[in-house]
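Please keep the sequence and the structure in view while reading.

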Amino acid sequence: MVGALTWAGIAVFGALGAVARFRVDEAVSARRPGEFPLGTLVVNLTGTFCLGLLVGAAVSHRLLLVAGTGFLGGYTTFSTWMVESERLGESGDVLLLVANLWLSLILGVGLAALGWHVGRALA
């Protein structure tokens with residue numbers, strides 16, 4: 001059972017995660033402007049690593065809800081990744097579209113696994 005305090009924590013940390021996503025995406029995109037959505041890639045890859053780390057470290061259920069669901073749920077963005085992929089497809093830049101999809105999937109799974117192993121080692 002999830003109490004009101006945990007729900008409030010999820011909401012607060014979700015908002016903080018969204019702000020962190022905006023700031024990281026903005027910083028990365030400012031350094032590497034171009035067609036490829038590198039900021040979203042960096043956000044999603046760092047988020048998958050951190051979620052793997054939390055799961056691997058076997059943190060408490062409440063901490064996983066607040067940090068994983070709240071913060072990292074607000075930090076990572078599946079919808080932006082899909083919209084940016086669709087825009088790359090519309091522009092006809094198939095190479096960037098395929099790179100965006102495959103880099104996110106392959107590196108995301110790899111970094112989640114790496115985070116899990118690091119979390120297990122730290123636990």
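Two aromatic pairs are found when the whole structure is searched. Here rings of Phe, Tyr and Trp (its six-membered ring) pair if their centres lie within 6.5 Å; planes under 30 degrees apart count as stacked, over 60 as edge-to-face and the rest as tilted. The rings of F71 and Y75 have planes at 10° and centres 6.0 Å apart, so this pair is stacked. Both residues belong to helix α3, where a spacing of four residues separates F71 and Y75 by about one helical turn. The rings of F78 and W81 have centres 5.5 Å apart and planes at 70°, so this pair is edge-to-face. F78 and W81 are three residues apart in helix α4, again a separation of about one helical turn.

The model is a predicted one: local features need pLDDT of at least 70, side-chain atom pairs count only at pLDDT 80 or more, and totals for chains, interfaces and linings use all residues. Residues are numbered from 1 along each chain as its sequence is written, and side-chain values use heavy atoms, with hydrogens and water left out. Helices (H or I, at least four residues) and strands (E, at least two) are DSSP runs, numbered from the N terminus.

Buried means under 20% relative accessible area, exposed over 50%, and partly exposed in between (1.4 Å probe, protein chains only).

| Residue | Relative accessibility | Class |
|---|---|---|
| F71 | 26% | partly exposed |
| Y75 | 8% | buried |
| F78 | 59% | exposed |
| W81 | 9% | buried |

Y75 also has a place in the largest nonpolar core, whose five residues are V43, L54, A67, L72 and Y75. Such a core is a set of buried Ala, Val, Leu, Ile, Met, Phe, Trp, Tyr and Cys residues joined through side-chain atoms within 4.5 Å. Helices α2 (38–56) and α3 (61–75) each supply at least two residues of this core, and the largest share, three residues, comes from α3. In soluble globular proteins, nonpolar side chains tend to be buried together. Leaving aside neighbours within four places in sequence, Y75 is in contact (heavy atoms within 4.5 Å) with G17, A18, A20, R21, V24, V43, T46 and G47.

Helix α2 has 19 residues and reaches 27 Å from its first C-alpha to its last, close to the 27 Å expected at 1.5 Å a residue. The expected span of a helix is 1.5 Å times one less than its number of residues. Among the buried residues of α2 are G39, T40, L41 and V43. What covers the buried residues of this helix includes α1 (4–31), α3, α4 (78–90) and α5 (94–122). Just after α2, A58 takes a positive phi of about 55°.

Helix α5 has 29 residues and reaches 41 Å from first C-alpha to last, close to the 42 Å expected at 1.5 Å a residue. Its buried residues are L97, N100, S104, G108, G115 and G119, and they pack against α2 and α4.

In helix α1 lies E26, which counts as partly exposed at 38% relative accessibility. A polar contact of 3.3 Å joins the side chains of E26 and R23. A polar contact is a pair of N or O atoms within 3.5 Å; within protein, one must be able to donate a hydrogen and the other to accept it, and residues adjacent in sequence count only if both atoms are side-chain atoms.
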